[in-house]
Amino acid sequence: MIQKLKTLAKLSLSEDLFDKLVYTRMYIRSLYYVGTNFFCPICHGHFRIFLPYGLSRRKNACCPRCRSLERHRLIWLYLQNRTNFFRSKLKALHFAPIYCFQRIFNSLLNLDYVSADLSSSLAMMKMDIMDIKFDDNSFDCILCIHVLDDRKAIKELYRVLKPNSWAILQVPIMKEKTFEDYSINTSEKRLKFYGQEDHFRAYGLDYKKRLEDAGFRIKVDPYLWELDENIINRYRLVPENEPRENIYFAFKP
Ligand SMILES: [Zn+2]
């Protein structure tokens with residue numbers, strides 16, 4: 001019923017107005033959590049706690065205002081400090097968009113931004129990552145966080161990226177070699193074997209080689225190690241009980 005009402009509201013209001021109402025509601029709710037312990041670099045909110053997240057209810061994971069998680073905040077800082085994403089005129093493709101990013105990216109004047117996904121209702125275009133409906137060499141940058149490492153998908157991302165352009169193709173690396181088993185098909189099993197209920201494999205260090213096989217030059221950037229511990233803790237950039245991750249920065253020569 002609530003979902004039906006939401007859909008009805010969305011249909012009868014403009015996308016922009018609906019989005020503003022949703023965010024205003026999130027903003028008002030987040031006021032309860034205002035404090036000084038944590039800071040979200042995406043929405044610039046200061047909070048006494050971040051919200052728990054996931055089946056394991058890991059503590060201090062989710063921003064009460066913009067709903068960003070640890071990796072989102074890390075990628076945000078990386079984009080801000082290590083790329084031209086917020087400064088140059090770029091045509092940007094974002095696969096599997098997330099609310100906290102899309103809301104802002106879509107409003108940036110320097111970006112010609114489009115998001116795509118096969119199933120997410122948030123995506124601006126419905127599209128299979130293994131069959132991207134754009135011409136070769138279309139984009140100046142691509143963001144893809146936690147999407148299939150299927151070789152066909154990687155090839156497609158390479159194809160639509162312009163030469164001398166970059167992509168962030170981020171997955172959590174958990175093992176030496178990528179492990180996946182199609183019988184691991186419930187949230188509980190995925191949490192047990194892959195560490196998170198919405199993950200479909202445990203990625204290994206061979207992920208870099210898979211990207212390189214498609215033609216990318218990969219910089220495995222230990223960005224987190226260069227950040228101040230206070231920032232890592234206050235911005236909460238690493239999920240509880242998970243190792244720190246490098247950024248997979250891909251370049252198409
Ligand atoms: Zn936030």
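This dialogue explains how to read several features of a predicted protein model.

Trainee: How many helices and strands are in the protein?

Mentor: The model is predicted, and the protein in it has 9 helices and 13 strands. Buried residues make up 30% of its 253 residues. Of the contacts in the protein with a separation of 6 or more, 55% are between residues 24 or more positions apart.

Trainee: Which strands pair with strand 8, and how many bridges join them?

Mentor: Strand 5 (residues 90-95) runs parallel to strand 8 and is joined to it by 4 bridges; in this pairing, alanine 92 has cysteine 141 of strand 8 as its bridge partner. Strand 8 also runs parallel to strand 9, with 6 bridges between them, and isoleucine 142 has alanine 167 of strand 9 as its bridge partner.

Trainee: In what sense do strand 9 and strand 13 pair, parallel or antiparallel?

Mentor: Strand 9 and strand 13 pair in the antiparallel sense, over 4 bridges. Tryptophan 166 stands opposite phenylalanine 251 in strand 13.

Trainee: How does one check the span of helix 3?

Mentor: One compares the expected span with the distance between the end C-alpha atoms. At 1.5 Å a residue, the 13 residues of helix 3 (residues 70-82) should span 18 Å, and the end C-alpha atoms are 18 Å apart, which agrees. The buried residues of helix 3 include Leu74, Ile75, Trp76 and Tyr78. Among the elements covering the buried residues of this helix are strand 4 (58-62), helix 4 (99-105) and strand 8 (139-145).

Trainee: Which residues have the most contacts inside the largest nonpolar core?

Mentor: The largest nonpolar core has 52 residues, and Ile142 and Ala167 have the most contacts inside it. Strand 8 gives the largest share of this core, 6 residues. Leaving aside residues up to four places away in sequence, alanine 167 touches Cys141, Ile142, Cys144, Leu157, Leu161 and Ala250.

Trainee: Why does phenylalanine 50 count as buried?

Mentor: Burial is judged by counting neighbours, and a residue is buried if 20 or more other C-beta atoms lie within 10 Å of its own. Phenylalanine 50 counts as buried because it has 26 C-beta neighbours inside 10 Å. This phenylalanine lies in the loop between strand 2 (46-47) and strand 3 (51-53).

Trainee: How many residues apart in sequence are phenylalanine 50 and phenylalanine 38?

Mentor: Phenylalanine 50 and phenylalanine 38 are 12 residues apart in sequence, and 7.1 Å apart in space from C-alpha to C-alpha. Beyond four places away in sequence, phenylalanine 50 touches residues including Phe38, Asn60, Pro64 and Arg236.

Terms used:
Residues are numbered from 1 along each chain as its sequence is written. This is a predicted model: local features need pLDDT of at least 70, side-chain atom pairs count only at pLDDT 80 or more; totals for chains, interfaces and linings use all residues. Helices (H or I, at least four residues) and strands (E, at least two) are DSSP runs, numbered from the N terminus. The expected span of a helix is 1.5 Å times one less than its number of residues. A residue is buried if 20 or more other C-beta atoms lie within 10 Å of its own, exposed if 12 or fewer, and partly exposed in between; C-beta atoms are placed from the backbone. Two residues are in contact if their C-beta atoms, placed from the backbone, lie within 7 Å. Two strands pair if DSSP finds at least two bridges between them. A nonpolar core is a set of buried Ala, Val, Leu, Ile, Met, Phe, Trp, Tyr and Cys residues joined through C-beta atoms within 7 Å.
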